[in-house]
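Here's a quick tour for anyone meeting this structure for the first time. Have a look at the model, then read on for the main points.

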Amino acid sequence: MAVIVDFAVQGAQMLLVLLLAPLLTGVVRKVKARLTLRRGASVFQPYRDLLRLMRKEVVLAENASWLFRAAPYLIFASTWVAAALVPTFAGGLVFSWTADLIAIISLLGFGRFFLALAGMDIGTSFGGIGSSREMMIASLAEPAMMLTVFSLALIAGSTQLSTVAAMMSSTEMGLRVSLGMALVALIMVAIAENARIPVDNPATHLELTMVHEAMVLEYSGRHLALIELAASLKLILYVSLIACIFVPWGIGAPGAGPLLYAVGAVAYFGKFMIGAFLLGLFETMVAKMRVFRVPDFLGAALMLGLLGTLLLFVSRSL
Amino acid sequence: MTNSVSVLLLLVAAQLATAVIAVVFSRSASVGRLVYGLSFFISSLAVVLLLFHLLALGEVSRTSLPLGLPWIGANFRLDALSSLFLLIVDFGGAIASLYALGYGRHEDAPHRVLPFYAAFLAGMNLVVLADDAFTFLLSWELMSLTSWALVVAHHRSEANRKAGVIYLVMASFGTFCLLLAFGLLAGSAGAYGFDAIRALPPGPGIAGLVLILALVGAGSKAGLVPLHVWLPLAHPAAPSHVSALMSGVMTKVAIYGFIRIVFDLLGPPAWWWSLVVLALAGITSVMGVLYALMQHDIKRLLAYHTVENVGIIFIGLGLALAFRAYGMVGAGALALTAGLLHAVNHSVFKSLLFFGSGAILTATGERDMEQMGGLIHRMPHTAFAFLVGSAAISALPPLNGFVSEWLTFQAILLSPQLPSWGLKFLVPATGALLALSAALAAACFVKAFGIIFLGRPRSDAATKAREVDRFSLAAMYALVAFCLIIGILPGPFIDLLAPVVKSLMLGQSMPHQSGVAWMSIVPIAESRSSYNGLLVFLFIAVSAWLAALAIHRFASRATRRGPAWDCGAPDPRPITQYSASSFAQPIRRVFGSLVFRARENVVMPPPGDLGPARLDVALIDPVWDGIYKPVSAGILGLADRLNRLQFLTIRQFLMLVFSTLVLLLLVLAIWQ
């Protein structure tokens, strides 16, 4: 019986992130529209977009290879698996030990690898520029993320997300300098990885400064839908990650009853809305930076991560 | 003849006999098939034997032959460590021979390759089997010289000749350092047997000196920065199956040499050893991948990645030394396992990638990536194999490269407990360098695969490329299978390493992994960290399949082909695509200006002029221009000065002899 409940909770978690992901994108867009005094589309618009795209036929370039057609499924699958492994409303899921934080980062790397390859498949200059810049950004963002994970792992004594979340919500965890650095670094990485302003602009299409949108320029129909969905999943992954590490309150312990799970779900929804609002607010307030300023931005994240880790190597209580 | 080491020696003898056959029948047309077939057979037999030996936890077996120096003979020994590295050598040898059965047919001068190929395999086997310093060094030289002969097999090319000279100089230098290291280990009594050295480890001062010498000697063969300069020249110069052996296997033999001397013969490590090793290893891993990113030559790019991966292996070894110095054998076992597993993994995926590059070379006749493109349509099997190899070397789950890097990260996370302050600062920095090199490797392989296989063909040769023969494909697919198996089920492979780790870590090894539920790997405790390659693989496969099924069933499966969109202005000329250098340009700007002092010089035509604009990039190699050029200039200058001694008169010569004699006597007098 307990096994069935465990599997049901895990399944609920997988479906929850999949179903909520487009909503997050919709809410962020709505917040940005309202802050700039526009009415904006409904928060459910991304769902309609996805459905419409999925029903459309795919127009493939003449020289597209099998990689171009397989990549959307691989990108979607790896991102979904990664997102489903981050605790949202319940910790200690059945499959939480499948991959720890380092493996989750690498799963995102897997998706990025195929996305960048797909960008180069048709042989257009836009695809190339997107892939090249995406990999440059990733080559700084991924180590910064890894160092953030180091700090968290050193504080919690584990790279397992459930353990980290349980540790963070325990009372012995006070305010720490290294945690603050990790939080700032993680947010900077999240902005860069999700192609948000000021690193990239998810709303532009015909501008030479774009990165993510340039890579997926040749995609259409169901392929494009999957890639957009994967992008939303990645965003919700980072929101869940930051929420579960830095505001872990409300996450149901393993084996908690349905009531606690419901509390967890409500708490998660609250964090989700706050995260979406803060992201929209931040994006409205800053301007997009030049591509070659991005390394400075991410270099700062890298240094913060390294500094946090060094502090922890020096003293466990910092 | 029942003990395993004698059987292995017989196989080595058979391998040497193959070399003789290759010489005798060098004019026959089918000798290539014979030599590669025999090598494949012999190496496969050795692999089977070694697997049994390692799985049955075979006891140490040894034998002596009445060869070599009369008072010690030639001693050979097979223990856990040598079984593991022999397994790498012979597995690599078997697969390379299988590949060469097809690839070797395109060789225009087989008599320059075949004898040395067989002897090279024998030489690598002998290094790992050797149990005294004399046999070790002799086999080491056999390995170096035969590989040198393979590097200059195509001696008409100027670049290959230059590579040959540099390789010869660096190999001599490396052997010289190892010679000194063994001299110091043997002590004044001249005990050259490894048993005698083990029984009487040197004092701390001598041991430190031996460590440095071993690091330089074995590190120059393995490709540690700044001793790597020969590697990216020599490895690509050889035929591709030999490149695979040199990069995938010979560097491992060098690492074996380092482990044998430092972990086995040298006694308990001092804390500062790991400091030196880790610093070099971290720099090596990042420099290797940065060099690789600047390359357009596919084989040279792969050779630079060997430098990077050797750095990653040495990070594991350095951590293991640090932990052992402070008696933390549990953590040390984890770090050592990570290093050894990465050595195994690297030999698998690097061989695979070099085979792929050989297939491309056969199909297009090109090594320059800027001449390729769109090969995925012409060579689908090679493309698939190369893709798996690229993902594995970029440490992506669920492939094998990820497992060993993950273990290395786990070992790094155990190191705050180390008491030394130097290590407290160096280890996190090394971790950052490791993360950086992993991310840059992914960028580099997106570039390599994207430019070679994707996009549109950039030359005639690429348009007319054809898929390669079945033997080559079989070898590549075998390695693809290993990349997947080690990545998905790493537990049994980690357990295979346990006896090796036990013998070097005071009897400690990682916990037994094969029995863990769901075939996860759990280095320390499940609450701390765990990884399950099988489930990651299944989850990705199943969700991708479900997504495809659901969308095709319920939404749409219509597909239409049309011209590329490219923002409405597609240009049919292939030259408008991104090239390898333009792909690397953002990374060159970020890292290159710091490391290579890269300068871009743009020359624009004046307004109204229709001439092309030009972009020149100047890179300065900090190692070659900063270390080697001054050193070689210094040596040449000194040689010029000494040259004057040739033209002395007879009186001056006598004066020189006399003063030398007086000087030596004086020294002797003061010494006494």
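Starting at the N terminus, chain A runs through its elements in the order α-α-β-α-α-α-α-α-α-α-α-α. That makes 11 helices and 1 strand. Keep in mind that this is a predicted model.

**How chain A is packed**

- With a radius of gyration of 19 Å, close to the 20 Å that the globule rule gives for 318 residues, chain A is as compact as a globular protein of that length.
- Its C-alpha trace spans about 60 × 45 × 45 Å along the principal axes.
- If you go through the 318 residues of chain A, 60% count as buried.
- Take the contacts in chain A with a separation of 6 or more: 80% of them are between residues 24 or more positions apart.

**Where chain A meets chain B**

- The contact draws on 76 residues from chain A and 72 residues from chain B.
- On the chain B side, the elements that each supply at least two residues include helix H16 (400-413), helix H17 (421-453), helix H21 (533-555) and strand S3 (559-562).
- H17(B) gives the largest share of that side, with 15 residues.
- Sorted by type, the chain B residues touching chain A come to 45 nonpolar, 19 polar and 8 charged.

**A strand pairing across the chains**

- Strand S1 (residues 58-61) of chain A runs parallel to S3(B), and 4 bridges join the two.
- Which residue in S3(B) is the bridge partner of Val59(A)? That would be Arg560(B).

Methods
Residues numbered from 1 in each chain as written. Chains lettered and ligands numbered in written order. Predicted model: local features only at pLDDT ≥ 70, side-chain atom pairs only at ≥ 80, totals over all residues. Contact = placed C-beta atoms within 7 Å. Nonpolar A, V, L, I, M, F, W, Y, C, P; charged D, E, K, R; others polar. Pairing = 2+ DSSP bridges. Rg over C-alpha atoms; globule rule 2.2 N^0.38 Å. Buried ≥ 20, exposed ≤ 12 C-beta atoms within 10 Å, placed from the backbone.
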